[in-house]
Amino acid sequence: MSSEENNKKTSGLTRREFIKDAGIVVGGASVASMALLSACKGDTKTVTQTVSTTVNKTVTKTVTVAEDGVELTDLHVILNGEPRVCHIEANWTLRDALKEGMGVISLKDMCNGCGACGSCSAIVNGRPILTCMALAVECDGAEIETAEHLGVINHPLVNAYAKNFCAQCGYCTPGFLITAKALLDRKPNPTDEDIIDALGGNICRCGTYPQHIIAIKEAAKGGK
Amino acid sequence: MKTLEIFEHINAKSFEDAVAALQKGNAEVVAGGTDLIGTRRFNVLPSNPATLINLKTIPNADYIKEEGGFLKIGALAKLEDIAENDIVKKKYAALAEAAHKTASPHLREMGTIGGNICQLNRCWFFRKDDNYYDCLRKGNTKTCFALTSDNRYHSIFGMEKMCAAVNPSDTAPALVALDASIVTTKRTIKAEEFWAVAIPGSTVLDSDEIVKEIQIPTPASGSKSAFKKLAIRESIDFPIVNCAVLITSSGARICMNAVHNKPRRATDAEALISGKTITEELATQAGEKAVEKAVAMSNNKWKIAATAGIVKETILAAANA
Amino acid sequence: MSNAHYEPWKWEVPKTIIGERGHIPPDAHTKVVGTAEFTSDVVRPNMLYVKYYIAQRGAGRIKKLDTSKTEQVDGVVKVLRYDDKSIKWASDTLKPGNMTTFLNDRVYWAGHPVGFAVVAVSEYACDQAIKKAVIEWEDLPCEVDYNKALASKDLYREDINPQNNIMDKGEKVNNAIGDVEEGFKHCDHIIEFEYEIAENTPVSAEPMTCVCEFDNDDNCKIWFHGQAFNTIEEVVGEFVPQNKIDMHSAFNGGTFGGPISHQCEGWTAWLAIIAAYITRRPCKSVWEDCQFVGADECMGHHKWKVGYNNNGKIIAVDLDTVASGMMIGGEISKIKASTCIPNLRHTYVYPLYNRVVPGVFRDGAVAGTCQNMLFAHVAAALNMDPTEVALINDGGDGKTLAELEPKRVEEGFPAGRDSLKECLEKGKKAFNWSSKYHAAGARKLPDGRMHGVGFTWTESWQNWPYRRTRCGINVRYDGTVDVIYRRSCTGPLVALPYAQVVAAEMGMKLDDVIYQPDRHNVGFDTMSEASSSGVATNLGALVLAARKAKQNLLEYACKDAVTFMFGMEIPNPAPFTGLTPDKLDMKDSVIFEKSNPSHTATVKQVVQLHAGWNPIFQHEYSRFFTEAESDIPNYMDTALGRQCHFVEVAVDTNTGKVDILSACLVNDVGTAINPDVINGQQYGGFSMGMGRGNAQEVVYDPVTGAKLNDNMVFYPILGIGDVGPISCEIVETKTGYSPYGAVGLGECGCAATMGLTAAAVYNAIGKWVDIPTTPNNVLKALGKA
């Protein structure tokens with residue numbers, strides 16, 4: 001059903017008129033406000049989608065329609081070890097979902113989404129990827145680790161990064177941190193070359209690069 | 001960050017599934033998504049198909065294995081896995097090196113070999129946001145903007161179908177040098193014949209055709225291959241020019257890319273070095289031979305010299321592998 | 001200049017904490033794990049998004065703007081049109097610099113906000129709505145080549161100059177001393193050379209954004225992303241009284257001066273302010289492409305005529321530039337400030353065309369590059385070690401060091417320190433100059449590439465307190481201290497060294513002192529501490545406020561208190577009752593009697609004694625708040641501090657590729673407050689300098705004026721693998737006019753090193769190359785293109 005058709009179906013008003021008249025204000029896409037919207041609208045549709053992980057699974061999803069005409073669905077992930085769910089819009093990237101729906105702010109954006117900075121990095125199903133280039137609808141069921149988690153578990157990288165001045169303005173640092181963690185998960189004792197190779201997709205405008213090599217090797221030694 | 005248009009999304013269960021969805025029309029496939037997402041986000045094309053068909057849900061499409069005298073790689077194999085694979089590194093070094101030098105580590109963890117060889121070109125007129133340059137590769141006009149503007153990175157071997165954009169793939173020349181074949185849902189195509197000037201695409205694929213597998217004949221023992229790339233940066237950058245070389249006891253295969261609309265064999269250079277001991281002088285001559293037919297545009301003459309240089313260096317690297 | 005007694009360079013450097021390594025910046029952990037909230041992370045309830053329409057073309061005027069379909073897009077709340085008279089598009093405070101108003105119908109350069117902006121519930125709705133606008137353009141003459149612009153009769157910036165395409169309406173002379181024509185008559189050799197420097201653009205780390213909200217009582221909250229907080233307070237003050245403004249500084253991705261230099265931070269804020277004021281909802285303005293708005297001062301054509309003697313002494317320098325510069329000081333400002341060259345002249349023509357009028361990011365790059373090129377050419381012509389040529393010409397304002405020193409000694413600076421000599425000694429050793437330096441074209445590496453080294457030197461220019469600044473010191477109920485400043489975060493790590501200064505001066509443990517990150521509703525205005533001259537300008541206020549805070553504590557430590565409780569006065573003797581403050585001192589947050597050091601009291605005890613101990617009532621510790629103002633010294637002569645930098649490259653003559661093998665940066669910082677932070681500015685700035693000198697240039701389409709590489713795919717910001725090992729050396733000659741003789745260096749790593757690869761490439765291949773030294777330029781210089 002197109003968004004135009006949805007417009008007409010909603011109590012005879014267009015969605016924007018409905019919202020203005022009803023005095024409902026909706027910003028962002030928080031679960032609460034979406035619930036309010038769907039409760040007031042009462043106009044949802046149900047679609048059947050296959051879950052897009054390595055296992056072929058069929059899950060029935062309820063799709064609601066957001067204020068800007070975009071269809072919502074829901075996304076289930078294991079985020080930093082916890083099962084989480086949020087409504088997403090169909091055209092969202094994984095970064096959008098994690099930021100808007102699950103409060104993850106470590107996923108930055110330096111390159112405006114052209115895949116050239118690494119600031120939005122997270123580990124998804126064991127791989128360090130760019131969350132701004134992954135579609136949220138394709139990540140259902142994914143296991144995701146973000147930089148925040150390393151602070152929670154006090155990973156040796158955190159102190160090593162903090163004390164070795166790997167962060168100046170700090171904007172790119174979480175992207176480096178989680179990428180470094182992915183490296184250590186695979187190569188617990190990386191050489192300088194390994195590190196330079198693994199961090200090739202992370203851009204730091206402040207130029208902190210030499211410090212990452214020091215910090216990662218320090219963390220590899222258990223933080224000594 | 002700029003946002004994507006709404007799309008319908010289908011998870012394909014098999015290649016047949018995906019083909020059927022393509023045949024319904026107004027649809028395109030998505031593998032790693034690292035080209036497609038950017039193309040859509042920046043509104044590069046006048047319009048995008050309404051439906052995305054996800055190929056990543058097709059089981060058993062990302063294998064890397066040797067079988068029956070061939071290296072067989074499923075189209076959905078990630079570039080990083082290819083780059084790190086011991087067999088590929090050992091016996092198909094040019095491909096491992098090319099995959100390794102592609103993009104950045106994160107993009108290699110997402111990007112697939114199938115997607116890499118099907119990617120759209122990176123001409124900065126073609127790629128300007130919001131279809132600002134509605135060029136002939138978009139299908140509405142016959143204009144090539146590079147002809148009358150800054151073409152420093154554009155083709156040095158002429159303009160096929162009046163387009164000056166180069167093919168930006170790093171794995172493509174390695175596949176050609178290694179004499180690969182591309183197996184699709186319809187046919188098997190020699191790598192050399194796979195690329196084309198299409199609208200907006202870069203391959204000969206039909207609109208309902210999907211790459212399934214790459215096949216590379218296992219080179220005879222004693223063969224050596226290498227890949228080299230010229231770019232401003234060590235990582236992330238697309239090639240200014242790249243080259244892959246395979247040297248066997250019987251001859252050589254040299255393929256350049258990012259110098260023309262399609263990857264380009266340097267057959268004259270191959271003939272020059274075939275069966276010979278590679279010296280620096282011979283490699284230099286081969287490099288010059290490879291660009292003998294090059295034709296500069298208004299500001300890319302330097303690229304001809306750079307190409308000769310890269311071909312030379314790749315030949316030497318292969319010889320010393 | 002008022003205060004003959006204000007001589008902060010004479011102030012004694014505290015023996016502890018200043019100069020220490022190994023401290024962790026206060027926000028390090030939160031930044032590292034990504035829980036630090038940046039301006040682009042700020043989300044407010046019911047927040048709306050605002051985006052400008054951005055023109056891609058280089059010139060044009062909107063003839064007709066149809067936003068009817070834009071308004072109808074789902075989720076759009078308002079379309080802000082340039083011709084809507086009810087919207088305040090012109091600010092009294094914020095002069096747009098590159099535009100007459102913030103939003104109008106005219107495009108002067110690609111990337112320009114024009115025509116309208118959209119306020120909507122999501123970025124998606126904004127993007128969809130913007131696409132629906134239909135614009136009919138009037139094509140106007142467009143020129144991105146400055147030579148053509150100068151020769152053309154068409155006007156490209158009639159808003160700046162309605163008569164012709166020259167800024168300031170004529171050619172100018174800048175920074176002349178002596179008589180160059182006369183000088184050329186009396187020297188052994190004259191060389192002439194010229195080169196081109198391409199345009200660079202700032203590419204700040206974080207896309208420009210601002211969040212603003214007004215409630216129905218006109219109270220305003222604003223999260224500003226930029227340097228000019230004081231200005232933005234005035235800007236918001238054009239809408240509501242300033243006492244209704246709650247200003248916030250979240251963390252900000254590094255901006256390096258670009259957005260303030262080109263006013264983009266102001267325009268982004270203005271958009272959020274207008275939208276918020278009209279809608280009475282929180283509004284977040286997002287200007288993604290802002291990173292590529294802005295040009296640097298260096299671009300253009302430099303044409304030199306230099307007269308010098310056989311011994312390396314430079315006699316006359318005549319530089320003519322087209323397009324570049326015109327920022328602070330100009331092209332030969334540092335040559336003038338740091339050498340004894342007696343005859344200097346710089347003439348320039350500044351064209352107006354369809355590019356942004358250049359500003360700065362890392363100010364000083366053009367002057368640093370010019371000094372680099374001058375000395376590299378003279379040294380090359382003489383086949384002389386450039387470090388020797390540097391020493392021979394060291395000085396300032398045409399005078400030698402020997403001529404300059406007496407006055408400095410009179411002013412109270414240490415005698416007999418030769419900053420350049422000391423920098424060279426450290427640098428040459430660390431870099432292994434003696435084994436790496438060779439004549440041009442003389443060394444081929446085993447892999448066939450040509451080896452080259454580049455050297456540059458200049459003054460350490462951030463050595464003056466530009467203006468008076470103030471700061472406050474708060475002592476809390478538990479004896480911990482915070483420093484009250486108006487923070488303007490643009491990235492550099494100043495919190496730590498500033499806290500070190502306060503802790504050291506007060507006698508506090510460093511852990512007990514913090515430079516409070518987000519206090520804006522106060523009048524303590526400093527030079528944006530993360531700006532060009534942060535250290536130089538702000539140290540005075542920090543030291544004086546710290547000393548005052550200490551004195552205050554010592555006084556209260558001697559003063560008995562009286563506690564009122566239930567109508568009774570209960571005397572409460574001070575720990576040092578009967579003593580006077582001069583008998584006391586502080587160390588590690590403990591006050592002690594000098595002649596009897598075991599007689600102690602903690603700061604906490606003194607505060608709590610006087611702040612009230614009754615848990616029912618508020619702790620009243622405001623009597624421990626102090627503040628102070630710095631002054632400007634009576635004299636601020638030539639900077640005698642120096643910096644010098646070395647780079648080692650390998651040039652692939654087959655492909656033109658220049659690889660940066662290693663580097664050494666040396667900076668005389670006067671007195672080092674935090675060597676870790678200093679090193680961070682050195683190696684960090686170097687990466688940016690190498691990017692600007694060896695990789696980056698903005699490319700335009702000469703036909704439409706559009707930018708062709710305004711994204712991070714095609715505009716190559718260097719990564720971890722693009723520069724080899726960097727060693728960093730610190731020299732301390734106490735040469736600055738700030739407290740402890742300190743000198744700032746935030747710009748130096750980048751601004752002074754931009755030309756290094758050009759010098760190094762010459763040393764490698766014996767050919768001069770335009771900047772950046774990219775493969776195409778190198779191959780052209782080699783005659784292969």
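Me: What mean pLDDT does chain C get?
Reply: Chain C of this predicted model has a mean pLDDT of 91. Of its residues, 94% reach 70 or more.

Me: And the complex, what ipTM and pTM does the predictor give?
Reply: The ipTM is 0.97 and the pTM is 0.94.

Me: OK. How is chain C divided into domains?
Reply: Domain 1 of chain C takes 39-142 + 202-292. Domain 2 takes 300-464 + 635-781. Domain 3 is 466-629.

Me: How many residues do domain 1 and domain 2 of chain C put in contact?
Reply: Domain 1 of chain C gives 19 residues, and domain 2 of chain C gives 16.

Me: What classes are on the domain 1 side?
Reply: The side of domain 1 of chain C that touches domain 2 has nine nonpolar, eight polar and two charged residues.

Me: How far apart are the C-alpha centres of those two domains?
Reply: The centres of domain 1 and domain 2 of chain C lie 37 Å apart.

Me: Now the contact of chain A and chain C. How many residues from each?
Reply: Chain A supplies 50 residues and chain C supplies 53.

Me: Which elements of chain A give two or more residues there?
Reply: They are helices of chain A: helix 2 (15-22), helix 5 (147-152), helix 6 (156-163), helix 7 (173-186) and helix 9 (209-220).

Me: How do the residues on that side divide by class?
Reply: The side of chain A that touches chain C has 28 nonpolar, 14 polar and eight charged residues.

Me: And chain A with chain B, how many residues in contact?
Reply: 27 residues of chain A meet 27 residues of chain B.

Me: Which strands of chain A supply at least two residues to that side?
Reply: Strand 1 (44-52) and strand 6 (127-130) of chain A each do. Strand 6 gives the most, with four residues. By class, the side of chain A that touches chain B has 13 nonpolar, 11 polar and three charged residues.

Me: Switching to chain B itself. How many helices and strands?
Reply: Chain B has 11 helices and 12 strands.

Me: Why call chain B as compact as a globular protein of that length?
Reply: Its radius of gyration is 19 Å, close to the 20 Å that the globule rule gives for 321 residues, so chain B is as compact as a globular protein of that length. Its C-alpha atoms fill a box of roughly 55 × 50 × 35 Å along the principal axes.

Me: How much of chain B is buried?
Reply: Buried residues make up 60% of the 321 in chain B. Among contacts with a separation of 6 or more, 67% join residues 24 or more positions apart.

Me: What does strand 5 of chain B pair with?
Reply: Strand 5 (residues 70-74) of chain B pairs with strand 4 (residues 64-67) of chain B, antiparallel, over four bridges. Glu66(B) stands opposite Leu71(B) there. Strand 5 of chain B also pairs with strand 8 (residues 211-217) of chain B, antiparallel, over five bridges. In strand 8, Gln215(B) is the bridge partner of Lys72(B).

Me: What about the hairpin of strand 4 and strand 5 of chain B?
Reply: Two residues lie between the strands, and Gly68(B) takes a positive phi near 55 degrees.

Me: Last one. Where is Ser274(B), and is it buried or partly exposed?
Reply: Ser274(B) sits in the loop between helix 9 (267-273) and helix 10 (280-290) of chain B. Ser274(B) counts as partly exposed because it has 14 C-beta neighbours inside 10 Å.

Definitions and conventions: Residues numbered from 1 in each chain as written. Chains lettered and ligands numbered in written order. Predicted model: local features only at pLDDT ≥ 70, side-chain atom pairs only at ≥ 80, totals over all residues. Rg over C-alpha atoms; globule rule 2.2 N^0.38 Å. Buried ≥ 20, exposed ≤ 12 C-beta atoms within 10 Å, placed from the backbone. Contact = placed C-beta atoms within 7 Å. pLDDT = per-residue confidence, 0-100. Nonpolar A, V, L, I, M, F, W, Y, C, P; charged D, E, K, R; others polar. Pairing = 2+ DSSP bridges. Domains from an automatic or database assignment.
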